[in-house]
There are 2 protein chains.
Amino acid sequence: MKTATIVGAGLAGSLWAVYLAKAGYNVTIFERRSDIRLAEIQAGKSINLALSHRGWEALRAVGVDHHVNELAIPMTGRIMHSATGELTAQPYGQEGQAIYSVSRGGLNAKMMDVAEKEFGATINYNMQCTGGNLEEGIVYLTNKLTGEHSEHQSDLVFGCDGAYSALRYKAFQKLDRFNYSQEFVEDGYKEFLIPANADGSYKLDKNALHIWPRGRFMLIALANEDGSFTCTLFMPFEGDENAFDKINTKAEIEAFFETRFPDFYEMCPNVVEQWGTHPLSSLAIMRCYPWTSGKAALMGDAAHATVPFYGQGMNASLEDCHTMGKLMEEHDHDWEAIFKAYQADRKPNGDAVQELSKHNYLVMRDFVADPQFLLQKKFENRIQELYPEKYIALYSMVSFSSIPYAEAWKKGQEQDVYMKDLMQQHDIESLMKEGKVDDLIHRIFKDKLVSN
Amino acid sequence: MKTATIVGAGLAGSLWAVYLAKAGYNVTIFERRSDIRLAEIQAGKSINLALSHRGWEALRAVGVDHHVNELAIPMTGRIMHSATGELTAQPYGQEGQAIYSVSRGGLNAKMMDVAEKEFGATINYNMQCTGGNLEEGIVYLTNKLTGEHSEHQSDLVFGCDGAYSALRYKAFQKLDRFNYSQEFVEDGYKEFLIPANADGSYKLDKNALHIWPRGRFMLIALANEDGSFTCTLFMPFEGDENAFDKINTKAEIEAFFETRFPDFYEMCPNVVEQWGTHPLSSLAIMRCYPWTSGKAALMGDAAHATVPFYGQGMNASLEDCHTMGKLMEEHDHDWEAIFKAYQADRKPNGDAVQELSKHNYLVMRDFVADPQFLLQKKFENRIQELYPEKYIALYSMVSFSSIPYAEAWKKGQEQDVYMKDLMQQHDIESLMKEGKVDDLIHRIFKDKLVSN
């Protein structure tokens with residue numbers, strides 16, 4: 001029986017353990033933190049994630065999606081909140097399509113349970129990775145409670161230990177010719193909680209992702225199962241105004257929310273207290289290559305951490321597992337071939353998900369407040385409804401399909417040029433009002449060949 | 001008396017120690033290696049560097065340039081060696097201008113002597129930096145001979161420990177929002193030695209930098225004081241041909257040099273043996289920011305390591321010392337102000353020297369074999385001779401002036417467009433042959449305003 005070591009019991013690590021255990025490997029996981037199933041979730045670090053098609057597919061491939069169904073709240077579109085409290089809705093896709101708000105902790109705990117109880121993986125907690133010998137498959141560890149040093153050798157080693165991966169930092173980064181970059185964006189984030197109503201009901205529509213787009217900064221909210229919403233404020237660290245370094249006193253905090261996000265301010269009475277107790281966190285894009293060396297591979301955020309604006313970081317990580325799982329079968333457990341194919345396949349997609357994430361920050365904080373952008377989305381949705389085989393909008397390719405990220409990003413940019421051109425040639429708004437937009441779409445798309 | 005710690009006793013570290021000691025600081029240096037003055041220089045790692053204007057200025061500012069004069073061999077231009085052994089000379093600048101071949105070890109040893117003996121700096125060898133507390137000015141160390149751990153606190157800490165800086169890796173890279181990248185180029189290098197003749201004389205003109213430009217790969221040679229030349233082959237690690245991974249057997253090595261570099265092959269009879277014993281090394285560009293934090297700053301390669309193709313890596317490092325020295329006086333030892341001004345001034349120049357280095361690789365391995373390029377250089381030289389206040393070629397701005405690298409790079413790109421345009425409008429080659437090129441230059445430049 002072959003042995004595999006996974007560094008990190010997060011989302012990628014715990015799902016990848018399921019894949020490996022299911023394929024007959026003896027799996028040992030080393031996790032730096034204590035068991036999250038026993039620990040209290042830290043205030044201001046609850047974190048909700050948006051699970052979409054690629055993530056579900058990765059769960060489905062090893063038959064664990066049913067465990068997640070009960071944790072997931074569908075979000076069928078965005079609801080934008082203006083500075084005067086007006087709401088505008090925009091569907092993400094077609095009827096029946098949604099992305100899902102899930103708690104990081106809940107999903108993670110579930111995967112750990114499955115890996116341990118259904119497949120016999122072993123998880124060791126409070127074990128800090130302090131180095132690795134990638135050629136020999138050795139991981140060096142320190143027990144954080146006892147201070148004891150140890151090493152663990154196995155046939156395969158997987159670094160699933162996140163954006164600040166210790167295996168990458170302590171082993172991969174020391175390799176000759178290892179390319180690496182960590183690029184922090186100018187913005188930080190702080191979390192806030194909108195509590196449930198007294199009767200446990202939601203203060204906002206739970207089946208939407210709420211956005212308060214304000215140009216250079218924004219607030220978003222995703223529903224939790226208990227009636228509350230986890231909200232995140234994204235804003236520059238430094239600036240002339242609307243920057244974290246300019247908002248310090250009680251009066252400044254209150255004035256900021258009261259004028260910029262009045263409806264949120266109403267729903268979140270203790271925002272000043274939360275500002276003081278919740279941490280201000282930074283956001284980075286991490287790039288590296290190669291992703292494999294000797295007996296080891298990097299997966300998930302350890303290989304391609306990104307900023308959270310497309311909600312695809314987790315989905316990309318789960319898709320890494322899905323792809324590696326398929327390659328494991330295709331190459332019949334020949335790991336030299338699997339690793340080679342894995343990084344050739346996934347590296348361009350890791351790069352693309354980072355580009356998509358950066359682009360979608362502009363979309364969320366700025367474009368979604370622009371009527372012309374919303375009109376284009378509406379027009380695209382109608383085209384997609386009428387000619388689903390001939391047109392898929394970028395958001396749908398990313399969130400509702402398994403089209404490789406690199407392909408989606410390239411095609412999406414081409415489509416955007418094409419759509420902007422169409423919108424300039426035709427007065428889409430009037431055509432929609434007059435009910436004539438379908439005629440135009442039929443005229444253009446009836447005889448159009450499927451691109452690709 | 002204020003205390004300063006320098007990590008690394010290389011070129012930047014030893015010169016910076018002179019600056020600090022001269023300004024009255026109590027300086028302690030920690031160096032990972034043993035004393036290079038006592039150690040044998042490793043075969044295939046002798047390394048000659050080109051010292052140019054900025055380096056000399058940095059030495060002159062603290063009165064140590066006279067120590068270096070005796071070590072330096074002037075190179076007034078390039079000599080290109082064609083595949084059939086023909087030589088073409090191209091001067092670097094005007095009459096009397098030169099860059100200087102110096103041995104890294106010799107220069108380094110000299111600076112260490114001066115820092116210790118003239119100014120009382122202390123150098124501790126075999127001391128590996130294992131971390132740092134930048135706010136408190138603490139450096140953590142391990143004695144490589146005894147294994148003993150220690151820490152050293154001072155008022156100021158300088159990371160002058162090179163491209164693979166331990167202080168950057170172990171302390172700066174752990175800072176929140178520290179941007180960092182290491183980017184390896186596709187090419188590696190291997191050193192060879194052309195021995196002196198039996199009578200100690202040189203086999204090639206010692207007052208030139210020799211280049212064998214071959215498009216995607218190249219060989220260069222710089223004179224040593226003892227009559228030998230240190231040669232470096234730059235070539236892709238992997239490739240279809242002319243790549244390190246394709247040249248392995250004795251026959252392949254001999255065939256490679258015999259056909260690509262016949263005159264070199266003649267002068268270097270034991271090239272096969274050297275190929276086997278000299279290491280194949282990689283080349284990287286390291287970028288990071290900020291360069292200062294708390295009581296600490298990064299200088300030289302630790303802040304902006306580059307590829308060696310402009311011969312400016314060392315000069316840029318020495319110029320860091322020169323700039324920091326000037327700021328130390330200007331801001332009267334107010335280190336918060338000095339550090340702020342230092343990184344604001346030097347970061348754009350560090351970026352520019354990296355761009356210049358990458359660009360000059362193309363120049364050296366490819367352009368210098370192009371008659372049109374050489375003609376342009378000749379034309380530029382003549383312009384500069386006639387109108388030295390109105391035109392300075394890029395190479396001269398970089399190598400024979402103190403114009404900031406960022407400004408030189410920007411201006412150089414603009415000038416190149418301008419020159420290419422002039423060369424298209426006029427048949428410079430014929431004008432030169434007919435002795436009429438000066439008329440053209442006078443016509444264009446007489447009334448031209450000085451740019452900037």
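Modeller: Happy to. Please keep in mind that this is a predicted model, and that the values below are computed from it.

Let us start with the contact itself. Chain B brings 18 residues to it, and chain A brings 18 residues as well. Together the two chains bury about 1700 Å² between them, and carbon and sulfur atoms account for 37% of that area. On the chain B side, three residues stand out: Tyr169(B), Arg177(B) and Gln182(B) provide 41% of what chain B buries against chain A, more than any other three residues.

In one of them, the side chain of Glu238(B) reaches that of Arg177(A), with N and O 3.4 Å apart. That distance falls inside the 4 Å cut-off used for a salt bridge. As a general point, side chains of opposite charge can pair when their charged atoms come close. Counting polar contacts across the interface of chain B and chain A gives 14 residue pairs, with both partners at pLDDT 80 or more.

Which secondary-structure elements of chain B supply at least two residues each to the side that touches chain A? They are α5 (166–170) and β13 (179–194). Of the elements of chain B, β13(B) contributes the most to that side, with eight residues. Sorted by class, the side of chain B that touches chain A is made up of six nonpolar, five polar and seven charged residues.

Now for the surroundings, beginning with chain A as a whole. Chain A contains 16 helices and 19 strands. In chain A, the peptide bond between Tyr289(A) and Pro290(A) is cis, with omega about 0°, and Pro290(A) sits in the loop between β17 (281–289) and β18 (292–293) of chain A. Chain B also has a cis peptide bond, from Tyr289(B) to Pro290(B), with omega near 0°. Pro290(B) lies in the loop between β17 (281–289) and β18 (292–293) of chain B. Asn126(A) is not a glycine, yet its phi is positive, about 55°; this residue is in the loop between β8 (122–124) and β9 (127–133) of chain A.

Finally, the whole structure holds 47 salt bridges over all chains. One within chain B joins Glu319(B) to Arg54(B), whose closest N and O atoms are 3.1 Å apart. Glu319(B) belongs to helix α10 (residues 313–330) of chain B and Arg54(B) to helix α2 (residues 53–60) of chain B, so this pair ties together parts that are 265 residues apart in sequence.

Technical notes. Residues numbered from 1 in each chain as written. Chains lettered and ligands numbered in written order. Predicted model: local features only at pLDDT ≥ 70, side-chain atom pairs only at ≥ 80, totals over all residues. Heavy atoms only, no water. Contact = heavy atoms within 4.5 Å. Buried area = accessible area lost by both parts, 1.4 Å probe. Polar contact = N/O pair within 3.5 Å; in protein donor to acceptor, adjacent residues only side chain to side chain. Helix = DSSP H or I, 4+ residues; strand = E, 2+ residues; numbered from the N terminus. Nonpolar A, V, L, I, M, F, W, Y, C, P; charged D, E, K, R; others polar.
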